[in-house]
Amino acid sequence: MIVDYHMHLRDTEGGIVLSADTVEPFVERAAERGVDEIGFTEHVYYFEQTKGLWSLPYQLERCHFDLDEYVGAIEEAKRRGLPVKLGLEVDWTGERADELAAILAPYPFDFFLGSVHWIEGLAVDGNERCGAWHAWPEDEVWRRYVETLSAAAASGHFDVLSHPDLAKIFGVRGSDERYAELARGIDAAGIAFEISTAGLRKPVGEIYPDPRLLELSSAPITLASDSHEPRLVGEDYDAAIALAWANGRETVSVFDRRVRRQEPLG
Ligand SMILES: [Zn+2]
Ligand SMILES: [Zn+2]
């Protein structure tokens, strides 16, 4: 079984059109590349139902789509018999996480990705001259990133951690100690993480995560492209699958209504 459990529902021009017709080209690309099932994981801060949670201009500028329309588009695609899952990429909101979870609870989600893109309102993956990298020394960014992602993992609100070492995006790699801390946090939480080929398209030019995390953690994995267009579904999957196999992952996590099962990988 091959899955791609991280993508954003965009049309070929990059626009957000929340309909089952927008899903179809993603499914076609998946079929071309031997991907059996895909999961849509739009950013949580795009939906007006969550508006009360956000404070950053980046989030508020985007927060005007209808979550019911998003869910309806994926559910309609399922009714058409397409091999799709309903997910969401959910930023960790710390002490307000329960409030956010209550907003999402009525919907039939198959899985939630847990993400950390900001620490105390400062972007880890934004322009490298501002945000977290401007505020703190490099290892302090890493320490805070690992601490925050571990808290997200431990919360129980998420099924999979997305791009679990996103902090390396600009090529500043974490120390062995930081990876060991992250592996302990993930394994204690009993959560899966994704092997994401998106990092190959970023300045670091490497898959997320570093092989050290796969060695140090025994967590189950999903596969992810983090595609923002149909063309990139299943992108660079030979490398992702080889990395999984090289680090003892013979199965992949599959989710239905937030219940995980393991299927043979490949
Ligand atoms: Zn992300
Ligand atoms: Zn994403």
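This is a predicted model: local features need pLDDT of at least 70, side-chain atom pairs count only at pLDDT 80 or more; totals for chains, interfaces and linings use all residues.

Tutor: Residues are numbered from 1 along each chain as its sequence is written, while chains are lettered from A and ligands numbered from 1 in the order in which they are written.

Six bridges join strand β2 (residues 37-43) to β3, and the two run parallel. Helices (H or I, at least four residues) and strands (E, at least two) are DSSP runs, numbered from the N terminus. Two strands pair if DSSP finds at least two bridges between them. Gly39 has Lys85 as its bridge partner in β3, and Glu42 has Leu88. Strand β4 (residues 111-115) is also parallel to β3, and five bridges join them.

Strand β3 covers residues 84-91, and eight of its eight residues are buried; a residue is buried if 20 or more other C-beta atoms lie within 10 Å of its own, exposed if 12 or fewer, and partly exposed in between, with C-beta atoms placed from the backbone. In a regular strand the side chains alternate between the two faces of the sheet. Val84, Leu86, Leu88 and Val90 point one way from β3, Lys85, Gly87, Glu89 and Asp91 point the other way, and all are buried.

Helix α3 (residues 67-79) lies across β2 and β3 and runs at about 155 degrees to β3. Axes are lines fitted to C-alpha atoms, for helices over the stretch in contact (C-beta atoms, placed from the backbone, within 7 Å), and angles run from 0 to 180 degrees between N-to-C directions. Helix α4 (residues 97-104) forms a right-handed β-α-β unit with β3 and β4: with the strands pointing away from the viewer, the path from the first strand over the helix to the second runs clockwise.

As for the whole, seven strands form an open sheet with parallel pairing, in the order β1-β2-β3-β4-β7-β8-β9. Its edge strands, each pairing on one side only, are β1 (3-4) and β9 (221-224). The protein has nine helices and eleven strands, and buried residues make up 44% of its 266 residues. Among contacts between residues at least 6 apart in sequence, 74% join residues at least 24 apart.

Technical notes: Two residues are in contact if their C-beta atoms, placed from the backbone, lie within 7 Å.
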